Structures are given as C-alpha cells and as structure tokens.
Amino acid sequence: MAIQAPAARPANPRFSSGPCTKIPGFSLDMLADAPLGRSHRAAVGKAKLKEAIETTREILGVPADYRIGIVPASDTGAVEMALWSLLGARKVTMCAWESFGAGWVTDVVKQLKLDADVKKAEYGDIVDFATVDFNTDVVFTWNGTTSGVRLPNGDAIPADREGLTICDATSAAFAMDLPWDKLDVTTFSWQKVLGGEGGHGVIVLSPRAVERLESYTPAWPLPKIFRMTKGGKLIEGIFVGETINTPSMLCVEDYLVALDWAKSVGGLKGLVGRAAANAQAIWDFCAAKPWIANLANDAATASTTSVCLKFTDARIKDGAAFAKAVAKRLEKEGVALDVGAYRDAPAGLRIWAGSTVETADVEALLPWLEYAFEAEIAAQA
Ligand SMILES: Cc1ncc(COP(=O)(O)O)c(C=O)c1O
C-alpha cells in the first residue's frame with residue numbers, strides 16, 4: 001500500500017538545535033536601528049550593549065547583585081573563560097551526560113590538567129546530584145543539547161555550598177527556570193532559545209564567583225579574551241557593556257529585537273510555556289506510537305528544548321543509517337531541516353522545540369515523522 005503523505009506542512013521547517021529558528025515574523029528590516037559603522041565604545045554602542053545586559057537581567061530575573069557580561073566566542077568562550085579563570089582554587093567535580101559536558105571534562109582534565117572527580121551518565125540519563133560534593137567546584141550543563149536530558153531543578157544544590165557551581169545553560173536559558181541562588185556562573189549564547197546569532201556569549205556571575213575572581217590567581221596564563229580582572233579587581237566595565245573586544249553591533253541589535261519579542265510573549269513565563277507546549281506535543285505523539293521514544297529515560301529530565309528521539313522498531317536493520325535516511329527524507333520534503341541526531345549522540349532525531357518555534361509547526365511536522373518512518377521501513381524491504 002502506498003504511503004500517503006500528510007496534507008499539511010509546517011509553515012516554518014526550521015527545527016535546528018543551533019542556530020535555532022529566529023523569532024516568529026523575523027525580517028532583516030527589524031535590525032535597521034543597528035549603529036553600523038559606529039564604534040561600540042561610542043555612546044550609542046555602549047547604550048545598546050547596556051540595554052542588552054539589563055533586558056537580559058529583567059527577563060531572566062537575574063538578581064541585581066549578579067554581574068552579566070557579553071563576552072567573545074559564544075557559549076564556548078563564556079564557559080572556557082569561567083573554567084580558566086576560576087578553577088584550581090579547590091577540588092573540582094565535572095558532571096557530564098552528553099557531548100558538550102564531555103567537552104568541558106576534556107578541557108579541565110586534559111588542558112588544565114586538574115585532578116577532577118568526573119561523573120558521567122550515559123546518553124538518556126543524568127548524573128545523580130545527590131552523589132555530588134558541592135563543597136568542590138562543580139561544572140555541569142543544565143540541558144544536554146545532544147541527549148535531550150536536563151536537570152529538573154536545582155533542589156539538590158545546597159544553598160550553603162562552599163564550592164562554586166559553573167553551569168553551561170546555553171540551551172536552557174530563556175526556556176527553563178534557572179535557580180539563580182544555586183548558580184554561581186551561568187553561561188549561554190544568543191543562537192539558541194531566542195534564535196539569535198552566533199559569536200557572542202553571556203556570562204552571569206554571582207557575588208561568590210566575583211569574590212573568587214578577586215581573591216584567586218590561576219597558575220596558568222590567561223589570554224586577554226578570558227581576563228575578567230585587572231590588578232586583582234573585577235573589570236566592572238565588562239558588566240556594563242564595555243566588551244573585552246569588538247562585538248557585532250548587528251548581532252547585538254538582533255538580540256535586542258529578540259528580547260523585545262520575548263517580552264511580547266509574556267517574558268520568561270511565556271517563553272518557558274512555549275517550549276513546554278512544543279515539547280509536550282512531541283511527547284504525546286511518541287507516547288501514542290510504538291516505534292519512537294524519547295532518548296531521556298526519565299520523563300522528569302526530558303528536555304523541553306532539544307527533544308531527542310530514538311527509533312525502537314525491531315524491523316530496523318541499521319539504526320544509524322535508518323535515522324539518517326528519515327532525517328534526509330524530512331529535509332527533502334521541506335518539512336524539517338537539521339533534525340538528525342548530533343554526530344556523537346545515539347542514532348535518532350533531535351527536534352528543537354525552544355521558544356521561537358511555533359506549536360502549530362511542531363504539530364504539522366509530527367504526521368511527517370510517521371510518514372518518513374513508514375517510507376524508510378518500506379525502503380528497507
Ligand atoms: C550545551 C551546549 N554547550 C555549548 C555549546 C556551544 O555553543 P556555542 O557554539 O554557542 O559556543 C552548545 C551548542 O550547541 C551546547 O548545546
């Protein structure tokens with residue numbers, strides 16, 4: 001029997017996990033107010049950067065005594081400037097449950113050569129935070145973008161910890177509630193939940209993180225783009241928009257436009273709700289189909305942004321080739337772009353469900369998943 005293609009297609013087939021789809025209705029004209037060709041240190045440039053910082057604070061509910069800085073090299077730059085600047089003062093615990101967390105383990109163990117306590121969970125699971133000693137510095141990724149597994153909350157992190165918590169929140173910030181009192185360093189980039197551009201990172205520092213920066217000097221050299229202190233004092237300018245080096249004012253404008261949109265959908269609550277509704281639509285679909293399942297083993301840890309799925313049908317002969325063929329078919333049909341699982345992750349699909357995605361598009365995509373699945377099962381035979 002010929003497999004019938006669904007009648008409707010998503011209006012927007014962009015389900016990439018980064019850069020993620022831009023805000024609904026985006027057009028380049030929206031960036032017309034960017035101060036192009038002007039110095040980022042001129043009043044107009046500084047004002048834009050300051051506005052980006054303060055609007056970030058407002059939407060994310062970052063406490064007034066936390067510093068927010070815009071830094072080079074996207075989320076990776078923000079994480080690495082934290083690792084290189086802060087670690088080494090006390091014992092370190094590295095927690096990883098997918099590729100990016102594993103990358104930070106490599107940084108700390110192989111590059112910084114620290115004798116870290118490394119806790120790893122397989123794809124689909126999460127490190128049990130009850131086993132972590134928070135009197136050590138603890139590094140973790142809030143939402144594992146490549147496994148679709150996230151921390152459900154920060155309850156296991158003690159308020160009276162002696163160590164610092166360093167959290168890569170790049171695919172969580174703006175779509176998930178982050179408990180600022182439990183996070184000493186939080187990083188993210190613009191290219192994820194708000195559909196911004198790559199290249200710029202954000203670092204959020206608690207007062208305890210600042211205290212560490214001002215009281216501890218690492219044994220290793222720090223390149224200029226990692227340096228947050230001068231003469232033992234925090235460079236406060238970084239946290240009011242005097243960036244370490246030149247940012248793209250076009251990307252800053254784009255971020256400001258996205259922040260405005262974020263406010264228009266109800267701020268953080270609206271953003272969290274949009275991602276949750278998108279993920280729920282996918283979860284409901286999977287619950288009703290015997291051939292597909294969430295990669296996250298525990299529903300409490302299932303990501304609401306990077307939803308990772310695995311095929312579970314016994315008829316599938318080569319899991320990796322099958323998943324690739326499904327993703328290719330979806331792309332060819334123009335119904336889902338960039339939804340293959342991450343290169344290091346188990347075979348399957350990864351559908352970005354973050355806040356800029358419209359639920360109607362997710363709903364329109366789901367019948368196509370079934371169509372592509374059935375077509376590939378038939379193609380195997
Ligand atoms: C969890 C996580 N950390 C870090 C990164 C790297 O981000 P960037 O490319 O913005 O540096 C990504 C990108 O997908 C990510 O998902």
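**Figure 1. Lining of the largest pocket.** Helix 2 supplies the largest share of the lining of the largest pocket, three residues. The model is predicted: local features require pLDDT of at least 70 and side-chain atom pairs count only at pLDDT 80 or more, whereas totals for chains, interfaces and linings use all residues. Residues are numbered from 1 along each chain as its sequence is written, and side-chain values use heavy atoms, with hydrogens and water left out. Helices (H or I, at least four residues) and strands (E, at least two) are DSSP runs numbered from the N terminus. A pocket is defined on a 1 Å grid over the protein atoms alone, as an open set of points where a 1.4 Å probe fits, with protein on both sides within 12 Å along at least five of seven lines; lining residues have an atom within 4 Å of a point. The largest pocket holds about 250 Å³ of space, the volume being that filled by probe spheres set on grid points joined across faces, edges and corners. It is lined by 20 residues, of which Ser17, Phe100, Thr170, Gln191 and Lys192 are the closest to its centre. The elements giving two or more residues to this lining are helix 2 and helix 3. By class, the lining comprises three nonpolar, 11 polar and six charged residues; Ala, Val, Leu, Ile, Met, Phe, Trp, Tyr, Cys and Pro count as nonpolar, Asp, Glu, Lys and Arg as charged, and the others, Gly among them, as polar.

**Figure 2. The ligand and its shell.** The space taken by the ligand is the largest pocket, where a molecule is assigned to a pocket if more than half of its atoms lie within 2 Å of the grid points. Two or more residues of the shell come from each of helix 2 (74-86) and helix 3 (99-111). The ligand is surrounded by 13 residues, the closest being Ser74, Thr76, Thr145, Asp168 and Lys192; a residue is counted if one of its heavy atoms lies within 4 Å. This shell divides into two nonpolar, eight polar and three charged residues.

Figure 3. A polar contact is a pair of N or O atoms within 3.5 Å. Ligand oxygen atoms lie 2.6 Å from a side-chain N or O atom of Ser74 and 2.8 Å from one of Ser189. A ligand nitrogen atom is 2.6 Å from a side-chain N or O atom of Asp168.

Figure 4. Most residues other than glycine have a negative phi, and most peptide bonds are trans. Gly18 and Pro19 are joined by a cis peptide bond, with omega about -10 degrees; Pro19 lies in the segment before helix 1 (43-60). Lys113, although not a glycine, has a positive phi of about 60 degrees, and is placed in the loop between helix 3 and strand 3 (117-120).

Conventions:
A polar contact is a pair of N or O atoms within 3.5 Å; within protein, one must be able to donate a hydrogen and the other to accept it, and residues adjacent in sequence count only if both atoms are side-chain atoms.
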